[in-house]
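Here are my notes to go with the model. Have a look at the chains first, then read the points in order.

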Amino acid sequence: MPSSLSLAAEPDRLLPAEPGVRAIARDLLSLVDSLPIISPHGHVDAAVLAQDTPFPDPATLLVTPDHYVVRLIHASGVPLDRLNQGPIANADPRSVWREFCKAWPLFEGTASGYWIRSEFEHVFKLDQEISEATADSTFDALQSRLSEPAFRPRQLFSDFNIEVLATTDDPLDDLQHHAAIAADSTFRGRVVPTFRPDAYINIAHPSWVENVDRLIGTAGDGAAGYAGYIRAMENRRRYFVEHGAVSADHGVRTPLTLKLDRSDAEKLFTRARCGEWTPEDRDVFEAHMMYEMARMSVQDGLVMTIHPGSYRNHHLPSFEKFGGDTGHDIPFPVSYTEAIRPLLQDFGTAQDFHLVLFTLDETVFSRELAPLAGFYPSVYIGAPWWFLDAPDAMLRFRSAITETAGFSRSSGFIDDTRAFCSIPARHDASRRIEASFLARLVAEHRISPARAEELIVDVVDRAPRRVFKL
Amino acid sequence: MPSSLSLAAEPDRLLPAEPGVRAIARDLLSLVDSLPIISPHGHVDAAVLAQDTPFPDPATLLVTPDHYVVRLIHASGVPLDRLNQGPIANADPRSVWREFCKAWPLFEGTASGYWIRSEFEHVFKLDQEISEATADSTFDALQSRLSEPAFRPRQLFSDFNIEVLATTDDPLDDLQHHAAIAADSTFRGRVVPTFRPDAYINIAHPSWVENVDRLIGTAGDGAAGYAGYIRAMENRRRYFVEHGAVSADHGVRTPLTLKLDRSDAEKLFTRARCGEWTPEDRDVFEAHMMYEMARMSVQDGLVMTIHPGSYRNHHLPSFEKFGGDTGHDIPFPVSYTEAIRPLLQDFGTAQDFHLVLFTLDETVFSRELAPLAGFYPSVYIGAPWWFLDAPDAMLRFRSAITETAGFSRSSGFIDDTRAFCSIPARHDASRRIEASFLARLVAEHRISPARAEELIVDVVDRAPRRVFKL
Amino acid sequence: MPSSLSLAAEPDRLLPAEPGVRAIARDLLSLVDSLPIISPHGHVDAAVLAQDTPFPDPATLLVTPDHYVVRLIHASGVPLDRLNQGPIANADPRSVWREFCKAWPLFEGTASGYWIRSEFEHVFKLDQEISEATADSTFDALQSRLSEPAFRPRQLFSDFNIEVLATTDDPLDDLQHHAAIAADSTFRGRVVPTFRPDAYINIAHPSWVENVDRLIGTAGDGAAGYAGYIRAMENRRRYFVEHGAVSADHGVRTPLTLKLDRSDAEKLFTRARCGEWTPEDRDVFEAHMMYEMARMSVQDGLVMTIHPGSYRNHHLPSFEKFGGDTGHDIPFPVSYTEAIRPLLQDFGTAQDFHLVLFTLDETVFSRELAPLAGFYPSVYIGAPWWFLDAPDAMLRFRSAITETAGFSRSSGFIDDTRAFCSIPARHDASRRIEASFLARLVAEHRISPARAEELIVDVVDRAPRRVFKL
């Protein structure tokens, strides 16, 4: 049996067990483990960095905002209110932390468990095991750390060696925090906004009509109706570009795309504003707007990222009580092949258009994404994320796509996280897995050691810069 | 090359080849290889244990009732009647055995081959190789064993170290054999019935009307129609609970669930009893009854297990001649996410409700089951079974679910077998694979050795007790 | 790090990294690496062998006709006309070669990269690395080789140790080249045609009406309409059988099969000839004709191979400019279970009927193909091909099917290639992977060394002969 050294401190963690392959992986990893972090998509709040607000407490930092963590504690029988979810959250953070500590053994083998353990070891240098018995003492230890200057967001940003961090933002956000960060010469990181117009495109969104009214009123250049809507989208995208945005992100229900006639689109838009629409209208309008968003991306250069296939807020009673993003978005089957075709007919070979396709349905990797990205210059294969940004899943991803599409057609790692302190652990895990995959190919004489050394740098560092135009 | 030692006697069989990982796996296996067998779902006939009837002959014990074995011999060109399938089975068991021996090389690499080889080695201590040439002598050797007292069902039950064995039973079964076993102080095993109402729920079942008439007449408390039907279901479930049942099992066509209005359900039920129904009615009624079954499970505590997605009796000519369960149930694609939602809205967080979701479509593991069980306290991930209860498939299963749902959300091994003598081999294989999977995580520093030692006991022993309330 | 020996010359290339497993794999490989090549399905032009025409130049031989290669270069941003695709191809082959050399690094980790590297090493003994810098010198070196007698098609055929090579042919092809080859006693290879009637069955094919007119006129025995059509199909199949064909191949849109009434089929056929058909008619007629083709196969003995599930010519602008087979056929989800049932009801157990089912959707392997082939004597599991004939994908295939269906129910390797010089590399890779998979099972004590030695010969050599009646 291996020693009981802290797992997160193990230099060979996540690397393949076979000693020969592990040695190769270790060498490859050494080429990238100190490279800066490029995070082209995530959910950290720019205000946190602009204002450099200290993090309040361990539970509010590490548990409450992290769906991955909340959901598994909930599955063990803890109601969401005891995890401070939703608008009426008023539990004592210490009691939330106790729930987490009690549930900690459930995280063995999970990606979240790996990240959190890494944070304790590498960020917080916590010297106690997490357990029900140590709930209070670990809370206190972490709370004490968080009050130190070294644990302020900007210092962590710097210590984490983050070069670029993209946030995710409402189209009408004034991006003041991004502007403040950019204007602040004492802060060297690059924090860029991302245009995320879902709530203005999904006509089933509870406040869609209100959102659209505000959008047209704010940025429609005086035009009304559909014309004003499209104009406003273009204007706000330009505003985002001017504030450093490199991509527009789309969380859609299905991968469908459609090119409606202008007049059909107008009619549908008008009907929807009156609240007269069917579920099919919903999908059709979203599909049409994906076509429009692609058209705008071809013009303004924003990289387009799409991630369909999640049934949002699956448990209605929880949604009604606690709101969205509380751990019950559940994937369903997806197929891009026919659905994305209308968009690709017109933009699949468009100059400098980058379209990154994500999936939560692994079957799509070998069947569709590798073949699509292996032909269309515009298409890039989105890295495995959400439930799939875990060691085994990332290895399955590389195995599924590489033999068809090679290494040049994938997006590079996407951390997609709200959990700021988990960013280094996530990128570290990804780099270890890339090294592991390449090491196997080297050991099987499928790639030369010299090329593997180039490729590890390419997939970790150059791919996200290239794909996201950074 | 390794030696030609009998494979089934190899202490390291099924363990990973890499010596370091194998050593860890061996240590983990040693913690569970002598634990009792918990079998919460299977198809052994309780009468066999109640009456302790000697097994008739090797073919009737090992070949005829085992679809896994029959189907592959059939695929090699042997008609089903030569394998004693169906009501008119009248082939000489010895000739069936010859067909099996001739086909034996086809089983290399299959799960069935592994189990049977284990039975020969560990149960029957057979000292000859199976081959066309040894068909008669192996038949005689096994026949001779089966006449010994040591090979009577109860003695084997005890030698197999089975603690709990669940059978699968018709709702109107009087469970006399279970009662007899429970009343017999000379027999220490626990043999519990399972409520399996498919033939009373699937309105396309050839004898559904007759079944329902009998059900209402027997247990409807005098109520007629749908009210009597529901009442009778509740009553028979209670009868099963009183006889030790812990679960109700549902082999449904699709994973659909629906909550019909009482009056709609009544109308549909009434129409179906008159034989006036469409294929859609069939699915809708089954979906509604799954909702009702969940409601009853919340009340009476029976664990609910669902296994959709098999096209039953795929080859109609074979079905017409030989009946069901003759090897041609073929899986098709399944998605739980939207289908199971109506049930989960109302019962997904119900106190002490346990819902075990099985699948024959592996894509569901990472895409749906791990996310569902990682949020809903009621949902457990059914172990891979049927075509998937094999070493590689079980490893794919653990890899697919663990990073999202950890180890606490799966059901524990399910042998689901009619082949009584294969039970030890099946559980042994499962334990070896659990040890193999955990050993890899230990070797990759993803789980500590100490936690792996706890987890192997948990997944082998505690999980089935916890999930099936044993 | 391993040495920088040329990868393609590494004796252990593709074999597993773990030394013990590798040693077993090496021993198994030694039993098959000099066996002759059996290629029961591919796209080499018989004229090339009949006329023994020298290959014109490296680009026209290795790049232009190979979709795998063209598509990935296109994805990197090179327009198809610069790769000499389509009717107006008029780029200088040397400039095509330069594009290839520039794009060569993109092929790292791909199956195509592996094959091409093998060709350079083993066929052309090229002693320079491919790179932008060596584009001209490698072009010249290869061009010089191609002018030598040793690089004429027949000599290569012999040097490649090909025993049987099947081509893919139009039903109205006169098969003169096959006849010439068969009549030529100086050539010892067996080159057999394959009946491929897609363009006569798919009513959406641009020249379907014209094709059908020619078919009926040529081979309808004077009968008109549907009767003449069916008669002509039967006659042309017989003609193919007489010229050595062993199989009929069907590239269909979906796996659907249907048995239409004769009169319904006639009506549909007649409507389609008048151009009056819907997309549904298209699928229905194709489904019906698959039933008819199976019926004919039962009569004339041609092995039936089906490969559905590819969206052909996905990028319409590229298709309109460059024609079909230019790298943008994209797979979509497929399910055989219900779709193939009508055909299997009537022919699933027919004497000597062989039906090989291929898929580009990997989910079908464990869910459907292994269960189907594990029951129906007529069904064989098609080897992974197209995007899936690569090392990792082939290992996933074996892992997915073997535990249910063993080794006897799969087709043996299919190279399916237009790239004549890649044939040895493709079969070599397949043999290495078969050895790797079996070696793991031996190392895990799941198969004995002695049986593995038999199985490697069976899957490499006997399976294709058995399944394709060679």
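1. A nonpolar core is a set of buried Ala, Val, Leu, Ile, Met, Phe, Trp, Tyr and Cys residues joined through C-beta atoms within 7 Å. For burial, the C-beta atoms are placed from the backbone: a residue is buried if 20 or more others lie within 10 Å of its own, exposed if 12 or fewer, and partly exposed in between. The largest such core here has 459 residues, and L438(A), L438(B) and L438(C) have the most contacts inside it.

2. Some bookkeeping: residues are numbered from 1 along each chain as its sequence is written, and chains are lettered from A, ligands numbered from 1, in the order in which they are written. This is a predicted model, so to speak of local features takes pLDDT of at least 70 and side-chain atom pairs count only at pLDDT 80 or more, while totals for chains, interfaces and linings use all residues.

3. What does L438(B) touch, once its neighbours within four places in sequence are left aside? L438(B) is in contact with L28(B), I447(B), A452(B), L455(B) and I456(B). Contact here means that C-beta atoms, placed from the backbone, lie within 7 Å.

4. Now the symmetry. Chain A superposes on chain B by a rotation of 120° with 0.0 Å of shift along the axis, at RMSD 0.0 Å. The two copies are thus related as by a three-fold rotation axis. In chain A, the C-alpha nearest that axis belongs to E18(A), at 3.7 Å. Going from chain A to chain C also takes a rotation of 120° with 0.0 Å of shift, again with RMSD 0.0 Å.

5. On to the A–B contact, which takes 43 residues from chain A and 45 residues from chain B. On the chain A side, α4(A) gives the most, with 4 residues. That side divides into 23 nonpolar, 11 polar and 9 charged residues. Here Ala, Val, Leu, Ile, Met, Phe, Trp, Tyr, Cys and Pro count as nonpolar, Asp, Glu, Lys and Arg as charged, and the others, Gly among them, as polar. Helices (H or I, at least four residues) and strands (E, at least two) are DSSP runs, numbered from the N terminus.

6. Where chain A meets chain C, 45 residues of chain A are in contact with 44 residues of chain C. The helix α17(A) gives the most to this side of chain A, with 8 residues. By class, the side has 18 nonpolar, 15 polar and 12 charged residues.

7. Do the copies meet through different surfaces or matching ones? Only 5% of the interface residues of chain A are also interface residues in chain B, so the surfaces are different.

Methods
Contact = placed C-beta atoms within 7 Å. Least-squares fit on C-alpha atoms with pLDDT ≥ 70 in both.
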